[in-house]
Amino acid sequence: MTTLAVLLMLLAGAYLVAVLEGWSATGRFRPAGPALSAIALLGRESIVPRKPDRIFFEVAPVLLLVSTMLAAAVLPLGPSLVIADMATGALFLNAALAYVMVALVMAGWGPDSAYAMVAGWRFLGQLVGYSMPIVMAIVGVAMRAESLQNTAIVESQAVVPNALYQPAGFVVFFLAAMCLAFLPPFDLPTAPGELAGGVESEYAGARLAVMRLGRMVLVVTLSAAVTVFYLGGWYGPVLPGWAWSAAKMLAVAAAMLAAGRYVPRLREAHLLAWWWKLGIPLALFNIFYVGVLLLVVR
Amino acid sequence: MILQTLFLGFFGVAAVWFGVVVFRTSSMVRSALALLFSQAAIGAMFLAMQAEFLGVLQIMMMATEMSIMAIFMVMYMMDPGGLGEMEMSHQKRISIAAGVLGTLAAVGVALLADWGTVAAAPPAAEQTERLGTEMLGRSMLVFETAGVTILTAMVAATAVAIEGRGAGVSE
Amino acid sequence: MVALLTGAVLFGVGLYGALSQTNLVMIMMGVELMLGGALVNLVAFWRFLHPEGYQGQMFVLIVMTVMALEMAVGFGVGTARFRSKGSVEMEEARELRG
(Lines give C-alpha, C1' and ligand atoms only; values in the text may rest on other atoms or scores of the structure.)
Protein backbone atom coordinates (compact mmCIF):
# COMPACT_ATOMS: atom_id res chain seq x y z
CA MET A 1 0.00 0.00 0.00
CA THR A 2 2.71 2.45 0.96
CA THR A 3 4.73 1.26 -2.03
CA LEU A 4 1.88 2.12 -4.36
CA ALA A 5 1.32 5.50 -2.72
CA VAL A 6 4.98 6.44 -2.95
CA LEU A 7 5.20 5.30 -6.56
CA LEU A 8 2.14 7.33 -7.47
CA MET A 9 3.57 10.38 -5.78
CA LEU A 10 6.82 9.88 -7.66
CA LEU A 11 5.03 9.60 -10.96
CA ALA A 12 2.96 12.69 -10.29
CA GLY A 13 6.09 14.50 -9.21
CA ALA A 14 7.92 13.43 -12.36
CA TYR A 15 5.06 14.68 -14.52
CA LEU A 16 4.94 18.04 -12.77
CA VAL A 17 8.72 18.41 -12.99
CA ALA A 18 8.53 17.65 -16.71
CA VAL A 19 5.97 20.43 -17.09
CA LEU A 20 8.24 22.76 -15.10
CA GLU A 21 11.20 21.87 -17.24
CA GLY A 22 9.28 22.50 -20.40
CA TRP A 23 8.23 25.85 -18.99
CA SER A 24 11.76 26.86 -18.05
CA ALA A 25 13.23 25.69 -21.33
CA THR A 26 10.73 27.13 -23.77
CA GLY A 27 8.97 29.80 -21.76
CA ARG A 28 5.50 28.40 -22.42
CA PHE A 29 3.46 26.69 -19.79
CA ARG A 30 1.90 23.58 -21.32
CA PRO A 31 0.34 21.27 -18.72
CA ALA A 32 -0.35 18.56 -21.25
CA GLY A 33 3.12 18.77 -22.76
CA PRO A 34 4.76 15.69 -21.27
CA ALA A 35 1.80 13.43 -21.91
CA LEU A 36 1.63 14.45 -25.55
CA SER A 37 5.34 14.07 -26.13
CA ALA A 38 5.36 10.71 -24.36
CA ILE A 39 2.63 9.43 -26.67
CA ALA A 40 4.53 10.83 -29.64
CA LEU A 41 7.76 9.16 -28.56
CA LEU A 42 6.14 5.80 -28.00
CA GLY A 43 4.64 5.94 -31.44
CA ARG A 44 7.84 6.73 -33.28
CA GLU A 45 9.86 4.06 -34.95
CA SER A 46 12.77 2.66 -33.00
CA ILE A 47 16.01 3.45 -34.79
CA VAL A 48 19.05 1.44 -33.79
CA PRO A 49 22.57 2.52 -34.78
CA ARG A 50 24.50 0.35 -37.18
CA LYS A 51 26.80 -1.47 -34.80
CA PRO A 52 25.80 -0.79 -31.24
CA ASP A 53 27.01 -2.67 -28.23
CA ARG A 54 23.65 -4.34 -27.95
CA ILE A 55 23.68 -5.15 -24.26
CA PHE A 56 24.66 -1.65 -23.21
CA PHE A 57 22.32 0.00 -25.64
CA GLU A 58 19.30 -1.82 -24.30
CA VAL A 59 20.24 -1.84 -20.66
CA ALA A 60 21.23 1.80 -20.21
CA PRO A 61 17.79 3.49 -20.14
CA VAL A 62 16.35 0.72 -18.00
CA LEU A 63 19.25 0.93 -15.55
CA LEU A 64 18.76 4.69 -15.31
CA LEU A 65 15.12 4.26 -14.39
CA VAL A 66 15.71 1.34 -12.04
CA SER A 67 18.52 3.01 -10.13
CA THR A 68 16.56 6.19 -9.56
CA MET A 69 13.55 4.23 -8.35
CA LEU A 70 15.77 2.25 -6.00
CA ALA A 71 17.12 5.54 -4.67
CA ALA A 72 13.60 6.85 -4.21
CA ALA A 73 12.62 3.72 -2.31
CA VAL A 74 14.58 4.77 0.78
CA LEU A 75 13.29 8.32 0.95
CA PRO A 76 10.46 8.95 3.40
CA LEU A 77 7.69 11.17 2.13
CA GLY A 78 5.76 11.00 5.36
CA PRO A 79 6.27 9.59 8.87
CA SER A 80 5.62 6.06 7.68
CA LEU A 81 5.41 6.65 3.94
CA VAL A 82 8.62 4.97 2.91
CA ILE A 83 9.07 1.82 0.87
CA ALA A 84 12.15 0.47 2.62
CA ASP A 85 13.46 2.25 5.67
CA MET A 86 16.97 0.89 5.65
CA ALA A 87 19.26 1.51 8.58
CA THR A 88 21.90 2.87 6.21
CA GLY A 89 19.38 4.69 4.04
CA ALA A 90 21.41 7.83 3.38
CA LEU A 91 24.35 5.79 2.11
CA PHE A 92 22.10 3.53 0.06
CA LEU A 93 20.73 6.61 -1.68
CA ASN A 94 24.24 7.49 -2.76
CA ALA A 95 24.95 3.93 -3.85
CA ALA A 96 21.86 3.73 -6.03
CA LEU A 97 22.59 7.12 -7.56
CA ALA A 98 26.09 5.94 -8.46
CA TYR A 99 24.44 3.53 -10.87
CA VAL A 100 22.95 6.50 -12.68
CA MET A 101 26.51 7.18 -13.67
CA VAL A 102 26.99 3.58 -14.80
CA ALA A 103 23.85 3.86 -16.88
CA LEU A 104 25.09 7.02 -18.57
CA VAL A 105 28.48 5.47 -19.30
CA MET A 106 26.66 2.55 -20.88
CA ALA A 107 24.48 4.91 -22.86
CA GLY A 108 27.59 6.72 -23.99
CA TRP A 109 29.49 3.63 -25.07
CA GLY A 110 26.62 1.57 -26.41
CA PRO A 111 25.52 3.42 -29.54
CA ASP A 112 29.00 3.40 -31.09
CA SER A 113 28.72 7.10 -31.94
CA ALA A 114 31.17 9.92 -31.29
CA TYR A 115 28.77 12.38 -29.69
CA ALA A 116 27.34 9.86 -27.30
CA MET A 117 30.74 8.55 -26.29
CA VAL A 118 32.17 11.98 -25.57
CA ALA A 119 29.08 12.83 -23.55
CA GLY A 120 29.28 9.61 -21.54
CA TRP A 121 32.91 10.09 -20.60
CA ARG A 122 32.24 13.73 -19.78
CA PHE A 123 29.71 12.62 -17.25
CA LEU A 124 32.32 10.40 -15.66
CA GLY A 125 34.56 13.43 -15.33
CA GLN A 126 31.68 15.37 -13.82
CA LEU A 127 31.18 12.58 -11.31
CA VAL A 128 34.79 12.77 -10.21
CA GLY A 129 34.02 16.35 -9.28
CA TYR A 130 30.74 16.15 -7.43
CA SER A 131 30.85 12.72 -5.85
CA MET A 132 33.07 13.60 -2.90
CA PRO A 133 31.16 16.74 -1.88
CA ILE A 134 27.83 14.97 -2.08
CA VAL A 135 28.96 12.25 0.31
CA MET A 136 30.52 14.78 2.65
CA ALA A 137 27.30 16.76 2.77
CA ILE A 138 25.43 13.58 3.65
CA VAL A 139 27.98 12.97 6.41
CA GLY A 140 27.19 16.39 7.85
CA VAL A 141 23.49 15.56 7.88
CA ALA A 142 24.04 12.13 9.43
CA MET A 143 26.21 13.67 12.14
CA ARG A 144 23.32 15.77 13.34
CA ALA A 145 20.89 12.88 13.28
CA GLU A 146 23.43 10.42 14.75
CA SER A 147 22.06 7.82 12.39
CA LEU A 148 22.04 7.01 8.70
CA GLN A 149 18.37 6.13 8.77
CA ASN A 150 16.38 8.60 6.69
CA THR A 151 13.42 8.82 9.04
CA ALA A 152 15.80 9.61 11.90
CA ILE A 153 17.41 12.29 9.76
CA VAL A 154 14.05 13.96 9.19
CA GLU A 155 13.07 13.65 12.82
CA SER A 156 16.27 15.39 13.90
CA GLN A 157 15.05 18.45 12.02
CA ALA A 158 11.85 18.85 14.00
CA VAL A 159 12.89 22.25 15.31
CA VAL A 160 15.48 23.67 12.94
CA PRO A 161 15.80 22.37 9.38
CA ASN A 162 19.29 21.53 8.25
CA ALA A 163 19.27 24.26 5.63
CA LEU A 164 19.57 26.77 8.44
CA TYR A 165 21.72 24.59 10.66
CA GLN A 166 24.32 23.75 8.02
CA PRO A 167 23.96 26.27 5.19
CA ALA A 168 27.32 25.38 3.65
CA GLY A 169 26.30 21.75 3.40
CA PHE A 170 22.96 22.76 1.92
CA VAL A 171 24.58 24.76 -0.86
CA VAL A 172 27.08 21.98 -1.57
CA PHE A 173 24.42 19.29 -1.69
CA PHE A 174 22.09 21.38 -3.82
CA LEU A 175 24.76 22.07 -6.41
CA ALA A 176 26.02 18.49 -6.34
CA ALA A 177 22.47 17.25 -6.84
CA MET A 178 22.16 19.50 -9.87
CA CYS A 179 25.40 17.98 -11.14
CA LEU A 180 24.16 14.46 -10.57
CA ALA A 181 20.90 15.11 -12.39
CA PHE A 182 22.91 16.74 -15.18
CA LEU A 183 20.73 19.81 -15.17
CA PRO A 184 22.02 22.99 -16.77
CA PRO A 185 24.59 24.50 -16.16
CA PHE A 186 26.07 21.08 -15.51
CA ASP A 187 24.44 19.32 -18.40
CA LEU A 188 27.57 18.09 -20.10
CA PRO A 189 26.14 14.63 -20.87
CA THR A 190 23.20 15.90 -22.85
CA ALA A 191 24.56 19.22 -24.03
CA PRO A 192 21.77 20.14 -26.41
CA GLY A 193 23.61 22.61 -28.57
CA GLU A 194 27.10 21.34 -28.40
CA LEU A 195 26.92 17.58 -28.60
CA ALA A 196 23.62 17.23 -30.43
CA GLY A 197 21.99 15.69 -27.42
CA GLY A 198 24.91 13.71 -26.11
CA VAL A 199 23.88 10.45 -24.54
CA GLU A 200 20.32 10.84 -25.75
CA SER A 201 21.34 11.48 -29.33
CA GLU A 202 21.17 7.94 -30.64
CA TYR A 203 18.07 6.86 -28.80
CA ALA A 204 14.69 7.13 -30.51
CA GLY A 205 11.18 6.07 -29.79
CA ALA A 206 10.34 4.02 -26.74
CA ARG A 207 13.89 3.89 -25.40
CA LEU A 208 14.14 7.67 -25.46
CA ALA A 209 10.87 7.85 -23.58
CA VAL A 210 12.30 5.57 -20.89
CA MET A 211 15.47 7.66 -20.68
CA ARG A 212 13.56 10.90 -20.36
CA LEU A 213 11.29 9.35 -17.75
CA GLY A 214 14.37 8.14 -15.89
CA ARG A 215 15.81 11.63 -15.99
CA MET A 216 12.60 13.17 -14.62
CA VAL A 217 12.40 10.60 -11.83
CA LEU A 218 16.05 11.36 -11.06
CA VAL A 219 15.25 15.06 -10.66
CA VAL A 220 12.27 14.21 -8.43
CA THR A 221 14.34 11.80 -6.34
CA LEU A 222 17.07 14.35 -5.84
CA SER A 223 14.53 17.01 -4.89
CA ALA A 224 13.08 14.56 -2.39
CA ALA A 225 16.57 13.91 -1.07
CA VAL A 226 17.15 17.64 -0.60
CA THR A 227 13.88 17.98 1.31
CA VAL A 228 14.57 14.93 3.47
CA PHE A 229 18.11 15.90 4.26
CA TYR A 230 17.90 19.65 4.48
CA LEU A 231 14.41 21.04 4.52
CA GLY A 232 12.81 18.95 7.23
CA GLY A 233 10.84 16.43 5.18
CA TRP A 234 7.25 16.32 6.26
CA TYR A 235 7.28 18.92 9.03
CA GLY A 236 4.94 21.87 8.61
CA PRO A 237 2.05 23.56 10.41
CA VAL A 238 -1.31 22.99 8.77
CA LEU A 239 -1.25 20.47 5.94
CA PRO A 240 -0.67 16.72 6.36
CA GLY A 241 2.90 15.43 6.16
CA TRP A 242 2.91 14.18 2.61
CA ALA A 243 1.49 17.45 1.30
CA TRP A 244 4.37 19.35 2.85
CA SER A 245 6.84 16.86 1.39
CA ALA A 246 5.30 17.28 -2.04
CA ALA A 247 5.27 21.06 -1.83
CA LYS A 248 8.90 21.21 -0.74
CA MET A 249 9.95 18.76 -3.44
CA LEU A 250 8.28 20.83 -6.12
CA ALA A 251 9.82 24.03 -4.82
CA VAL A 252 13.29 22.48 -4.84
CA ALA A 253 12.80 21.07 -8.34
CA ALA A 254 11.61 24.43 -9.62
CA ALA A 255 14.62 26.12 -8.02
CA MET A 256 16.98 23.58 -9.60
CA LEU A 257 15.46 24.04 -13.01
CA ALA A 258 15.34 27.81 -12.83
CA ALA A 259 18.80 28.33 -11.38
CA GLY A 260 20.61 26.94 -14.34
CA ARG A 261 19.02 28.94 -17.06
CA TYR A 262 20.96 32.08 -16.33
CA VAL A 263 24.46 30.60 -16.26
CA PRO A 264 26.29 29.30 -19.34
CA ARG A 265 27.27 25.68 -19.39
CA LEU A 266 30.39 24.99 -17.35
CA ARG A 267 33.31 23.48 -19.19
CA GLU A 268 34.65 20.21 -17.89
CA ALA A 269 37.97 21.63 -16.73
CA HIS A 270 36.38 24.55 -14.95
CA LEU A 271 33.76 22.34 -13.38
CA LEU A 272 36.36 20.00 -11.92
CA ALA A 273 38.53 22.91 -10.80
CA TRP A 274 35.64 24.56 -8.98
CA TRP A 275 34.51 21.36 -7.31
CA TRP A 276 37.92 20.27 -6.14
CA LYS A 277 39.29 23.64 -5.12
CA LEU A 278 36.15 25.14 -3.67
CA GLY A 279 33.56 22.41 -3.18
CA ILE A 280 35.57 19.90 -1.21
CA PRO A 281 37.07 22.44 1.22
CA LEU A 282 33.59 23.85 1.70
CA ALA A 283 32.20 20.39 2.44
CA LEU A 284 35.03 19.65 4.85
CA PHE A 285 34.43 22.98 6.57
CA ASN A 286 30.77 22.04 6.83
CA ILE A 287 31.63 18.79 8.59
CA PHE A 288 33.90 20.65 10.97
CA TYR A 289 31.26 23.30 11.58
CA VAL A 290 28.55 20.74 12.32
CA GLY A 291 30.92 18.91 14.62
CA VAL A 292 31.66 22.06 16.57
CA LEU A 293 27.95 22.88 16.79
CA LEU A 294 27.06 19.41 17.99
CA LEU A 295 29.82 19.01 20.53
CA VAL A 296 30.28 22.49 21.87
CA VAL A 297 27.08 24.42 21.50
CA ARG A 298 24.68 21.67 22.55
CA MET B 1 18.35 -19.42 7.09
CA ILE B 2 17.30 -21.23 3.93
CA LEU B 3 16.46 -17.91 2.31
CA GLN B 4 19.83 -16.54 3.24
CA THR B 5 21.63 -19.53 1.75
CA LEU B 6 19.54 -19.21 -1.40
CA PHE B 7 20.36 -15.54 -1.81
CA LEU B 8 24.02 -16.17 -1.07
CA GLY B 9 24.11 -18.93 -3.64
CA PHE B 10 22.36 -16.86 -6.29
CA PHE B 11 24.59 -13.84 -5.84
CA GLY B 12 27.65 -16.05 -5.53
CA VAL B 13 26.95 -17.69 -8.86
CA ALA B 14 26.31 -14.25 -10.38
CA ALA B 15 29.61 -12.93 -9.01
CA VAL B 16 31.57 -15.89 -10.36
CA TRP B 17 29.83 -15.79 -13.73
CA PHE B 18 30.51 -12.09 -14.20
CA GLY B 19 34.09 -12.67 -13.07
CA VAL B 20 34.59 -15.28 -15.78
CA VAL B 21 32.98 -12.97 -18.36
CA VAL B 22 35.62 -10.36 -17.47
CA PHE B 23 38.32 -12.49 -19.01
CA ARG B 24 36.39 -14.21 -21.76
CA THR B 25 34.99 -11.19 -23.54
CA SER B 26 37.18 -9.31 -25.96
CA SER B 27 35.45 -5.97 -25.59
CA MET B 28 37.26 -3.89 -23.01
CA VAL B 29 34.37 -1.85 -21.74
CA ARG B 30 32.26 -4.98 -21.36
CA SER B 31 35.09 -6.42 -19.30
CA ALA B 32 35.18 -3.48 -16.96
CA LEU B 33 31.41 -3.36 -16.55
CA ALA B 34 31.24 -7.12 -16.03
CA LEU B 35 33.73 -6.66 -13.20
CA LEU B 36 31.44 -3.94 -11.86
CA PHE B 37 28.48 -6.27 -11.77
CA SER B 38 30.59 -9.00 -10.22
CA GLN B 39 31.58 -6.65 -7.41
CA ALA B 40 27.98 -5.50 -7.06
CA ALA B 41 26.99 -9.14 -6.64
CA ILE B 42 29.66 -9.41 -3.94
CA GLY B 43 28.11 -6.36 -2.28
CA ALA B 44 24.71 -8.05 -2.48
CA MET B 45 26.24 -11.07 -0.78
CA PHE B 46 27.34 -8.80 2.03
CA LEU B 47 23.78 -7.54 2.33
CA ALA B 48 22.52 -11.13 2.41
CA MET B 49 24.94 -11.80 5.25
CA GLN B 50 23.40 -8.85 7.12
CA ALA B 51 26.48 -6.68 6.97
CA GLU B 52 24.40 -3.77 5.75
CA PHE B 53 26.90 -0.94 5.93
CA LEU B 54 29.62 -2.96 4.20
CA GLY B 55 27.28 -4.10 1.47
CA VAL B 56 26.07 -0.63 0.64
CA LEU B 57 29.62 0.70 0.80
CA GLN B 58 30.90 -2.01 -1.54
CA ILE B 59 28.14 -1.41 -4.08
CA MET B 60 28.71 2.33 -4.05
CA MET B 61 32.50 2.25 -4.26
CA MET B 62 32.65 -0.35 -6.96
CA ALA B 63 30.31 1.55 -9.27
CA THR B 64 32.68 4.49 -9.31
CA GLU B 65 35.90 2.46 -9.35
CA MET B 66 34.90 0.22 -12.21
CA SER B 67 33.65 3.05 -14.36
CA ILE B 68 37.01 4.72 -13.90
CA MET B 69 38.62 1.44 -14.86
CA ALA B 70 36.46 1.42 -17.98
CA ILE B 71 37.72 4.80 -19.07
CA PHE B 72 41.31 3.79 -18.42
CA MET B 73 40.80 0.72 -20.54
CA VAL B 74 39.53 2.83 -23.38
CA MET B 75 42.51 5.13 -22.99
CA TYR B 76 45.26 2.57 -22.82
CA MET B 77 44.25 -0.51 -24.66
CA MET B 78 44.20 -1.09 -28.33
CA ASP B 79 40.93 -2.40 -29.63
CA PRO B 80 38.67 -1.28 -26.82
CA GLY B 81 35.58 -2.32 -28.67
CA GLY B 82 36.70 -5.86 -29.08
CA LEU B 83 35.66 -6.06 -32.68
CA GLY B 84 39.07 -7.20 -33.91
CA GLU B 85 40.44 -10.64 -33.18
CA MET B 86 43.32 -10.36 -30.77
CA GLU B 87 45.01 -12.83 -28.53
CA MET B 88 45.25 -11.07 -25.21
CA SER B 89 46.81 -13.63 -22.96
CA HIS B 90 50.07 -15.47 -22.45
CA GLN B 91 51.31 -18.38 -20.37
CA LYS B 92 47.84 -19.82 -20.49
CA ARG B 93 48.57 -23.27 -19.11
CA ILE B 94 50.49 -22.01 -16.12
CA SER B 95 47.83 -19.55 -15.21
CA ILE B 96 44.97 -22.01 -15.58
CA ALA B 97 46.89 -24.46 -13.42
CA ALA B 98 47.57 -21.77 -10.84
CA GLY B 99 43.94 -20.69 -10.83
CA VAL B 100 42.59 -24.19 -10.42
CA LEU B 101 45.18 -25.00 -7.75
CA GLY B 102 44.33 -21.86 -5.82
CA THR B 103 40.63 -22.64 -5.96
CA LEU B 104 41.11 -26.23 -4.85
CA ALA B 105 43.35 -25.20 -1.97
CA ALA B 106 40.85 -22.66 -0.70
CA VAL B 107 37.92 -25.02 -1.17
CA GLY B 108 39.83 -27.72 0.64
CA VAL B 109 40.44 -25.47 3.61
CA ALA B 110 36.79 -24.41 3.59
CA LEU B 111 35.47 -27.96 3.58
CA LEU B 112 37.95 -29.68 5.83
CA ALA B 113 38.31 -27.21 8.68
CA ASP B 114 36.06 -27.33 11.69
CA TRP B 115 34.45 -23.95 11.88
CA GLY B 116 32.36 -24.12 15.04
CA THR B 117 28.77 -23.02 15.57
CA VAL B 118 26.88 -20.30 13.76
CA ALA B 119 25.85 -17.28 15.85
CA ALA B 120 23.08 -14.69 15.35
CA ALA B 121 23.74 -11.28 13.85
CA PRO B 122 23.05 -7.95 15.57
CA PRO B 123 20.51 -5.56 13.99
CA ALA B 124 21.70 -3.19 11.34
CA ALA B 125 21.41 0.21 13.00
CA GLU B 126 23.29 -1.01 15.99
CA GLN B 127 25.97 -2.40 13.68
CA THR B 128 26.74 0.94 12.15
CA GLU B 129 27.00 2.64 15.48
CA ARG B 130 29.21 -0.07 16.94
CA LEU B 131 31.41 -0.12 13.86
CA GLY B 132 31.92 3.58 14.27
CA THR B 133 32.73 3.20 17.95
CA GLU B 134 35.17 0.43 17.19
CA MET B 135 36.78 2.37 14.39
CA LEU B 136 37.35 5.52 16.40
CA GLY B 137 38.02 3.76 19.68
CA ARG B 138 39.97 0.56 19.65
CA SER B 139 41.09 0.61 16.05
CA MET B 140 41.93 4.28 15.94
CA LEU B 141 45.55 3.54 15.01
CA VAL B 142 44.42 1.41 12.09
CA PHE B 143 42.08 4.15 10.95
CA GLU B 144 44.73 6.83 11.14
CA THR B 145 47.23 4.66 9.30
CA ALA B 146 44.69 4.04 6.58
CA GLY B 147 44.07 7.77 6.30
CA VAL B 148 47.76 8.57 5.96
CA THR B 149 48.18 5.74 3.48
CA ILE B 150 45.35 7.12 1.37
CA LEU B 151 46.94 10.55 1.37
CA THR B 152 50.33 9.11 0.44
CA ALA B 153 48.84 7.09 -2.37
CA MET B 154 46.99 10.11 -3.72
CA VAL B 155 50.13 12.21 -3.74
CA ALA B 156 52.19 9.38 -5.20
CA ALA B 157 49.74 8.59 -7.98
CA THR B 158 49.44 12.24 -8.93
CA ALA B 159 53.21 12.75 -8.85
CA VAL B 160 53.83 9.70 -10.98
CA ALA B 161 51.22 10.62 -13.51
CA ILE B 162 52.08 14.27 -13.97
CA GLU B 163 54.32 15.01 -16.89
CA GLY B 164 57.58 16.44 -15.53
CA ARG B 165 58.83 19.77 -16.75
CA GLY B 166 60.96 18.74 -19.73
CA ALA B 167 61.74 15.29 -18.36
CA GLY B 168 58.62 13.55 -19.56
CA VAL B 169 58.90 10.58 -17.23
CA SER B 170 58.64 9.98 -13.49
CA GLU B 171 61.80 10.65 -11.54
CA MET C 1 29.88 -22.53 3.56
CA VAL C 2 28.39 -21.25 0.33
CA ALA C 3 30.09 -17.93 0.92
CA LEU C 4 33.47 -19.57 1.52
CA LEU C 5 33.17 -21.59 -1.67
CA THR C 6 32.25 -18.51 -3.63
CA GLY C 7 35.23 -16.68 -2.20
CA ALA C 8 37.49 -19.55 -3.18
CA VAL C 9 36.23 -19.66 -6.76
CA LEU C 10 36.48 -15.88 -7.12
CA PHE C 11 40.05 -16.05 -5.89
CA GLY C 12 40.87 -18.74 -8.42
CA VAL C 13 39.34 -16.84 -11.32
CA GLY C 14 41.19 -13.70 -10.28
CA LEU C 15 44.49 -15.58 -10.03
CA TYR C 16 44.03 -17.00 -13.51
CA GLY C 17 43.31 -13.55 -14.86
CA ALA C 18 46.17 -11.86 -13.08
CA LEU C 19 48.66 -14.40 -14.41
CA SER C 20 47.40 -14.81 -17.92
CA GLN C 21 46.65 -11.32 -19.10
CA THR C 22 49.25 -9.22 -20.84
CA ASN C 23 47.80 -5.79 -20.23
CA LEU C 24 48.29 -3.87 -17.01
CA VAL C 25 44.64 -2.93 -16.69
CA MET C 26 43.48 -6.51 -17.11
CA ILE C 27 46.00 -7.70 -14.53
CA MET C 28 44.61 -5.17 -12.13
CA MET C 29 41.13 -6.45 -12.77
CA GLY C 30 42.35 -9.91 -11.83
CA VAL C 31 43.77 -8.55 -8.60
CA GLU C 32 40.47 -6.83 -7.87
CA LEU C 33 38.67 -10.14 -8.26
CA MET C 34 41.08 -11.82 -5.89
CA LEU C 35 40.59 -9.12 -3.29
CA GLY C 36 36.84 -9.39 -3.77
CA GLY C 37 37.00 -13.10 -3.05
CA ALA C 38 39.01 -12.38 0.08
CA LEU C 39 36.39 -9.83 1.15
CA VAL C 40 33.59 -12.37 0.79
CA ASN C 41 35.50 -14.77 2.99
CA LEU C 42 36.15 -12.07 5.58
CA VAL C 43 32.52 -11.07 5.83
CA ALA C 44 31.49 -14.73 6.05
CA PHE C 45 33.91 -15.28 8.91
CA TRP C 46 32.64 -12.20 10.69
CA ARG C 47 28.97 -13.01 10.25
CA PHE C 48 28.99 -16.69 11.06
CA LEU C 49 31.74 -16.99 13.60
CA HIS C 50 32.15 -13.70 15.48
CA PRO C 51 29.25 -11.32 14.90
CA GLU C 52 29.82 -9.55 18.19
CA GLY C 53 33.32 -8.27 17.53
CA TYR C 54 33.84 -5.59 14.91
CA GLN C 55 37.45 -6.12 14.00
CA GLY C 56 36.17 -8.23 11.12
CA GLN C 57 34.31 -5.31 9.62
CA MET C 58 37.30 -3.09 10.26
CA PHE C 59 39.46 -5.49 8.27
CA VAL C 60 36.95 -5.41 5.44
CA LEU C 61 37.11 -1.62 5.38
CA ILE C 62 40.90 -1.74 5.21
CA VAL C 63 40.83 -4.24 2.36
CA MET C 64 38.39 -2.03 0.45
CA THR C 65 40.74 0.89 1.01
CA VAL C 66 43.62 -1.18 -0.31
CA MET C 67 41.63 -2.07 -3.42
CA ALA C 68 40.98 1.56 -4.19
CA LEU C 69 44.55 2.62 -3.48
CA GLU C 70 46.22 -0.04 -5.59
CA MET C 71 43.95 0.92 -8.44
CA ALA C 72 44.89 4.57 -8.06
CA VAL C 73 48.63 4.03 -7.88
CA GLY C 74 48.49 1.37 -10.59
CA PHE C 75 46.76 3.75 -12.95
CA GLY C 76 49.24 6.47 -12.10
CA VAL C 77 52.12 4.16 -13.01
CA GLY C 78 50.27 3.04 -16.12
CA THR C 79 49.78 6.64 -17.19
CA ALA C 80 53.46 7.41 -16.82
CA ARG C 81 54.43 4.29 -18.72
CA PHE C 82 51.95 4.99 -21.48
CA ARG C 83 53.42 8.42 -21.90
CA SER C 84 56.95 7.14 -22.20
CA LYS C 85 56.40 3.93 -24.12
CA GLY C 86 53.07 4.21 -25.86
CA SER C 87 51.50 1.07 -24.44
CA VAL C 88 51.01 -0.80 -21.20
CA GLU C 89 51.66 -4.31 -22.40
CA MET C 90 53.53 -6.34 -19.87
CA GLU C 91 55.39 -8.36 -22.47
CA GLU C 92 57.38 -5.32 -23.44
CA ALA C 93 58.29 -4.38 -19.89
CA ARG C 94 61.72 -5.94 -19.58
CA GLU C 95 63.82 -3.02 -18.37
CA LEU C 96 63.59 -1.09 -15.16
CA ARG C 97 64.58 2.16 -16.84
CA GLY C 98 61.98 4.52 -18.20
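A: Starting with chain B: buried residues make up 37% of its 171 residues, where buried means 20 or more other C-beta atoms within 10 Å of a residue's own, exposed means 12 or fewer, partly exposed is in between, and C-beta atoms are placed from the backbone. This is a predicted model, with local features needing pLDDT of at least 70 and side-chain atom pairs counting only at pLDDT 80 or more, while totals for chains, interfaces and linings use all residues. Residues are numbered from 1 along each chain as its sequence is written, and chains are lettered from A and ligands numbered from 1 in the order in which they are written.

Q: OK, how many helices and strands does chain B come to?
A: Six helices and zero strands. Helices (H or I, at least four residues) and strands (E, at least two) are DSSP runs, numbered from the N terminus. From that end, the elements of chain B run α-α-α-α-α-α.

Q: What about contacts within chain B, what percentage join residues at least 24 apart?
A: It's 57%, among contacts between residues at least 6 apart in sequence. Two residues are in contact if their C-beta atoms, placed from the backbone, lie within 7 Å.

Q: Where's B:G12, and is it buried or exposed?
A: B:G12 is in helix α1 (residues 2-24) of chain B. It counts as buried because it has 25 C-beta neighbours inside 10 Å.

Q: Switching to α3(B), how many of its residues are buried?
A: 20 of the 25, so α3(B) is largely enclosed by the rest of the structure.

Q: And what should α3 of chain B span?
A: 36 Å for residues 52-76 at 1.5 Å a residue, and the end C-alpha atoms are 36 Å apart, which agrees. The expected span is 1.5 Å times one less than the number of residues.

Q: How do α5(A) and α3(B) cross?
A: Their axes come within 11 Å and cross at roughly 140°. Axes are lines fitted to C-alpha atoms, for helices over the stretch in contact, and angles run from 0 to 180 degrees between N-to-C directions. The two helices are therefore oblique to each other: under 35 degrees counts as roughly parallel, over 145 as roughly antiparallel, 65 to 115 as roughly perpendicular and the rest as oblique.

Q: Which residues make that contact?
A: A:W121, A:L124, A:L127 and A:S131 of α5(A), with B:T64, B:S67 and B:I71 of α3(B). By class that's four nonpolar, three polar and no charged residues. Ala, Val, Leu, Ile, Met, Phe, Trp, Tyr, Cys and Pro count as nonpolar, Asp, Glu, Lys and Arg as charged, and the others, Gly among them, as polar.

Q: Zooming out, how many residues of chain A touch chain B?
A: 22 residues of chain A, in contact with 18 of chain B. α4(A) gives the most to the chain A side, with 11 residues. That side divides into 16 nonpolar, five polar and one charged.

Q: And chain C, how many residues does the contact with chain B take?
A: 59 from chain C and 73 from chain B. On the chain C side, the largest share, 21 residues, comes from α3(C). The classes there are 39 nonpolar, 16 polar and four charged.

Q: At what angle do α2(C) and α3(C) pack?
A: About 175°, with their axes 9 Å apart. That makes α2(C) roughly antiparallel to α3(C).
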